[in-house]
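Hi,

Here is the structure I said I would pass on. Have a look at it first, and then read my notes below.

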Amino acid sequence: MIRVLLADDEDLIRGAVAALLALEPDIEVVAQAGDGRAAVGQVLAHRPDVAVVDLQMPGLSGLEATVEIAAAAPSCAVVILTGHGRPPLLRRALRSGARGFVPKGSPAALLAEVIRRVHEGGRYVDPALAAEALLAPECPLTPRELDVLRLAGDDIPVAAIARQAHLSPGTVRNYLAAAVAKLEAASRAEAISTAREHGWL
């Protein structure tokens, strides 16, 4: 039996996926979690073979939970389940240690097959998403510019960002100006919006 953890903050979806996987003769759902932090805890408690993790969850996101699961239980393969399959998110998921990336609209039979594949050491990425990822533009921002833009939020003062980033206010202004220019945005808010739409933040 392939032992599986399901993590999704929507009870209905989590329950439906669990019920569908219960129909598979070689898959057993041994634990469920409603947020990223609980998912990591359940992996440590139950030691599943595969963790199916929703991308967007409270506490820890699916990507953050994947990083922690990969570090704490390297034998547990992670499959990201998402309703938002943007190419940058795919790249971040694979860099985080995920072995599968499946859209939520996929048939249950496909998810079961992906679970089997990653359990055997393989990988799976939705073909349409993989093709889109090959054509998607790379993020033009440096990691530090992304960090500052992530901290900037909506109308957060430069001094507050500088304290959090351990930078001088002038350096923060320079990073923000560079990000706005590179993204061809009219304002900081527009730059943040553009970066989020592309999945860079």
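C139 has 22% relative accessibility, so it counts as partly exposed, whereas C76, at 5%, is buried. (Buried means under 20% relative accessible area, exposed over 50%, and partly exposed in between, with a 1.4 Å probe and protein chains only.) The structure holds zero disulfides, a disulfide being a pair of cysteine sulfur atoms within 2.5 Å.

Before you go further: this is a predicted model, where local features need pLDDT of at least 70 and side-chain atom pairs count only at pLDDT 80 or more, while totals for chains, interfaces and linings use all residues. Residues are numbered from 1 along each chain as its sequence is written, and side-chain values use heavy atoms, with hydrogens and water left out.

Now to the sheet. It is an open one, built from six strands in the order β2-β1-β3-β4-β5-β6, with parallel pairing. The edges belong to β2 (27-33) and β6 (124-125); each has a single partner strand, so one side of each lacks a neighbour in the sheet. Helix α1 (residues 11-21) packs on the sheet, where it touches β1 (2-7) and β2, and its direction makes about 165 degrees with that of β2. Helix α2 (residues 36-46) also packs there, touching β1, β2 and β3, at about 135 degrees to the direction of β2.

For the terms: helices (H or I, at least four residues) and strands (E, at least two) are DSSP runs numbered from the N terminus, and two strands pair if DSSP finds at least two bridges between them. Contact means heavy atoms within 4.5 Å. Axes are lines fitted to C-alpha atoms, for helices over the stretch in contact, and angles run from 0 to 180 degrees between N-to-C directions.

What about β4, buried or exposed? Six of the six residues in β4 (residues 77-82) are buried. Both faces are covered, with A77, V79 and L81 on one side and V78, I80 and T82 on the other. In a regular strand, side chains alternate between the two faces of the sheet.

As for its neighbours, β3 (residues 50-54) runs parallel to β4 and is joined to it by five bridges; V52 stands opposite V79. On β5 (residues 100-103), also parallel, four bridges join it to β4. There, L81 has V102 as its bridge partner, and T82 stands opposite P103.

Cheers
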